[in-house]
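Work through the exercises below with the sequence and the model open. Try each task before you read its solution.

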Amino acid sequence: MPPKIILLVEDNPDDEALTLRALKKNNILNEVVVAHDGVEALDKANEGTFDAVVTDIVMPNMDGITLTKELLKRNPSTPVMVITGFTDEHYYEESINAGATDFINKPFSIAEFLARFHRMMRDHETICEIKKREQEIEKIGAEMIAGIQHDARERISTLKKEIEELKKGLKTS
């Protein structure tokens with residue numbers, strides 16, 4: 001997996017250090033931008049884009065669930081992992097309903113975090129590939145209507161098969 005730029009949002013210095021250690025293991029990232037609450041995170045998101053976001057839920061000024069909603073309004077395809085020290089299922093449901101891609105409870109092992117993070121990023125890349133192929137099908141369809149594309153049926157069939165294979169991979173991960 002190529003290096004990534006991650007936005008880490010965590011108000012607890014010990015949890016921040018643990019998460020940074022996990023992200024740095026195996027060279028997952030080449031840059032991490034740290035924010036200590038949701039408001040600071042939104043400011044940083046306005047300054048640049050991120051390959052993924054890892055955020056705590058309970059923080060001062062703006063919680064991670066509200067942050068997730070706000071970040072996804074700006075960039076709906078950004079994968080977001082929510083972490084929390086609370087085991088209440090309410091937080092899990094709220095996080096996923098807000099658009100979070102994954103959810104992990106503290107304390108977590110570095111191995112568990114890495115496994116979830118890698119899966120989240122693989123799924124994100126697969127979804128991007130599916131969207132790219134769907135856009136290509138739309139383009140071919142428009143060219144067929146315009147009379148520009150002639151032998152497009154075979155290419156469309158191939159693209160649809162590729163999309164199905166990618167979707168199967170998502171279901172098994």
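**Exercise 1.** In this predicted model, find the residue whose side chain makes a polar contact with the side chain of Arg 133. Then decide whether Arg 133 is buried or exposed.

*Solution.*
1. Locate Arg 133 in helix α5, residues 110-146.
2. Follow its side chain to that of Glu 129; a polar contact of 2.6 Å links the two.
3. Check the relative accessible area of Arg 133: 19%. Buried means under 20%, so Arg 133 is buried.
4. List the contacts of Arg 133, leaving out residues up to four places away in sequence: Leu 159, Glu 162, Ile 163 and Leu 166.

**Exercise 2.** Which residues of helix α3 are buried, and where do they sit around the axis?

*Solution.*
1. Take α3 as residues 64-74; its buried residues are Gly 64, Ile 65, Leu 67, Thr 68, Leu 71 and Leu 72.
2. Look down the axis. These residues span an arc of only 155 degrees, so they lie on the same side of α3.
3. Recall the helix geometry: with 3.6 residues a turn, residues three or four places apart point the same way.
4. Identify the cover over the buried residues of α3: it includes β1, α2, β3, β4 and α4.
5. Inspect the start of α3. A side-chain oxygen of Asp 63 comes within 2.9 Å of the backbone nitrogen of Ile 65.

**Exercise 3.** Which residues have the most contacts inside the largest nonpolar core?

*Solution.*
1. Among the 22 residues of this core, pick out Leu 7, Val 9 and Leu 67.
2. Trace the largest share, four residues, to α3.
3. Turn to Leu 7. The residues it touches include Val 33, Ala 41 and Phe 50.

How values were computed
Residues numbered from 1 in each chain as written. Predicted model: local features only at pLDDT ≥ 70, side-chain atom pairs only at ≥ 80, totals over all residues. Heavy atoms only, no water. Helix = DSSP H or I, 4+ residues; strand = E, 2+ residues; numbered from the N terminus. Buried < 20%, exposed > 50% of the residue type's maximum accessible area, 1.4 Å probe, protein only. Polar contact = N/O pair within 3.5 Å; in protein donor to acceptor, adjacent residues only side chain to side chain. Contact = heavy atoms within 4.5 Å. Arc of directions from axis to C-beta. Core = buried A, V, L, I, M, F, W, Y, C linked by side-chain atoms within 4.5 Å.
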